[in-house]
Structure formats: structure tokens, C-alpha cells
Amino acid sequence: MSYKSVKEDLKQYDMDERIIVLDESSATVPLAAKALHTDEAHIAKTMSFLVNDQVNLIVMAGDVKIDNHKYKETYHKKCKMVPFHDVEAMTGHEPGGVCPFGVKDGVNVYLDDSLKRFDHVFPAAGSAHTAIEVSIQELEKVSHPKAWVDVTKMM
């Protein structure tokens, strides 16, 4: 899946040609910010969590982290990340390329309120060498989020 599934998913919105393929890695927020010549806050990082057997992706600004108390209030479970070695099998994307596009069936996407302060952000696009610049409205349209949540705090 990964990059190919993202490209196919974004094609239906005429956004597939906007994917940025990078020579350097964009696998972490600092690397992505450097490669894309932007600040870390504008990198829309996607983290994968397990709630019982359900995989949830939470897309958040690059300058925030999960607030365990808010997370537990929202999902009624303690925060548990998908184990690194299971990320690709469970989400459809390799670590460093996890994004809210072209994910496996049954994976829920949530957008964190930390993104709302921006006009545009840069999520990954299925690999550790791809990204796409999207407006918040586009992100909401093409990622089909289950909901907006408030589960983060500033680092």
C-alpha cells in the first residue's frame, strides 16, 4: 500500500500530482521541516494508537504531543501506541510515512484541534520521502475524519 495507495486515494480529489517526493528523509518532524523548508509546527504528524483492537490515527501539529489525561478522557482508555513493528501491517503505511490518506479499511482517522491554527500543513504521503501541502479544509475533506479531538498539549 503506502505511497501507491496514497496516490490512488488522492487521485479522486485531483490532488495526487501535488505529492512532494523528497530526496532526503521526512520520517520525523525535524527532518520533514528541514526537507520542506518550513517550521516544525506546520508538519502534520500522524500517530497510530490502539483502543482495544481498533487502530486510530491522530493527525496533530508537529509542535505538540499527546496529553495522556485528555486522551483518556476522549477515548476512555490509557494511551497505547501501535507497536513499531506492527505499524505498516495495521495502518498500511510504514513508520515515517504514516498519514491519514490511503489507509487500511477499518482504521479511524481523527484530526486534533492543534491543526486549526494553521491555513495549511504538511502531512506525510505514505513513505518516509513524501509529503503533501494541504489546507486544513482539504485535510478534513480527503482524510474523512471520524471527528476533531483535543488530545494534545504543547511540547
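A polar contact is a pair of N or O atoms within 3.5 Å; within protein, one atom must be able to donate a hydrogen and the other to accept it, and residues adjacent in sequence count only if both atoms are side-chain atoms. Such a contact joins the side chains of Asp-63 and Arg-117, at 2.4 Å.

The structure described here is a predicted model, in which local features need pLDDT of at least 70, side-chain atom pairs count only at pLDDT 80 or more, and totals for chains, interfaces and linings use all residues. Residues are numbered from 1 along each chain as its sequence is written, and side-chain values use heavy atoms, with hydrogens and water left out.

Helices (H or I, at least four residues) and strands (E, at least two) are DSSP runs numbered from the N terminus. Asp-63 belongs to the loop between β3 (54-61) and β4 (64-66). With a relative accessible area of 18%, Asp-63 is buried; buried means under 20%, exposed over 50%, and partly exposed in between (1.4 Å probe, protein chains only). Contact means heavy atoms within 4.5 Å. Neighbours within four places in sequence aside, Asp-63 is in contact with Glu-40, Ala-41, Arg-117, Met-154 and Met-155.

**The sheet and its helices**

Two strands pair if DSSP finds at least two bridges between them. Six strands form an open sheet with mixed pairing, in the order β8-β6-β2-β3-β5-β9. The edges are held by β8 and β9 (147-149), each with a single partner strand, so one side of each has no neighbour in the sheet. β3 and β5 run parallel and are joined by four bridges, with Ile-58 opposite Tyr-110 in β5. Helix α2 (residues 29-36) packs on the sheet, where it touches β2 and β6, and its direction makes about 155° with that of β2. Helix α3 lies across β2, β3, β5 and β9, at about 55° to β2. For these angles, axes are lines fitted to C-alpha atoms, for helices over the stretch in contact, and values run from 0 to 180 degrees between N-to-C directions.

β2 and β6 (residues 120-123) pair in the parallel sense over two bridges, and Ile-43 stands opposite Phe-122 in β6. β6 and β8 (residues 134-135) pair in the antiparallel sense, also over two bridges.

**Nonpolar cores**

A nonpolar core is a set of buried Ala, Val, Leu, Ile, Met, Phe, Trp, Tyr and Cys residues joined through side-chain atoms within 4.5 Å. The largest core has 42 residues, and among the members that touch the most others are Leu-10, Ile-58 and Phe-101. Its largest share, six residues, comes from β3. Another core, of nine residues, lies apart from it and includes Leu-22, Val-29, Ile-43 and Phe-122.

**Salt bridges**

A salt bridge is a side-chain nitrogen of Lys or Arg within 4 Å of a carboxyl oxygen of Asp or Glu. The structure holds five, including those tabulated below.

| Pair | N to O distance |
|---|---|
| Lys-7 and Glu-17 | 3.7 Å |
| Lys-70 and Asp-150 | 3.1 Å |
| Lys-116 and Asp-113 | 3.4 Å |

Lys-70 in helix α3 and Asp-150 in the loop between β9 and β10 (152-154) link distant parts of the chain, 80 residues apart. Lys-70 is partly exposed at 24% relative accessible area, and Asp-150 counts as partly exposed at 37%. Glu-17, at 65% relative accessibility, counts as exposed, whereas Lys-7, at 26%, counts as partly exposed.
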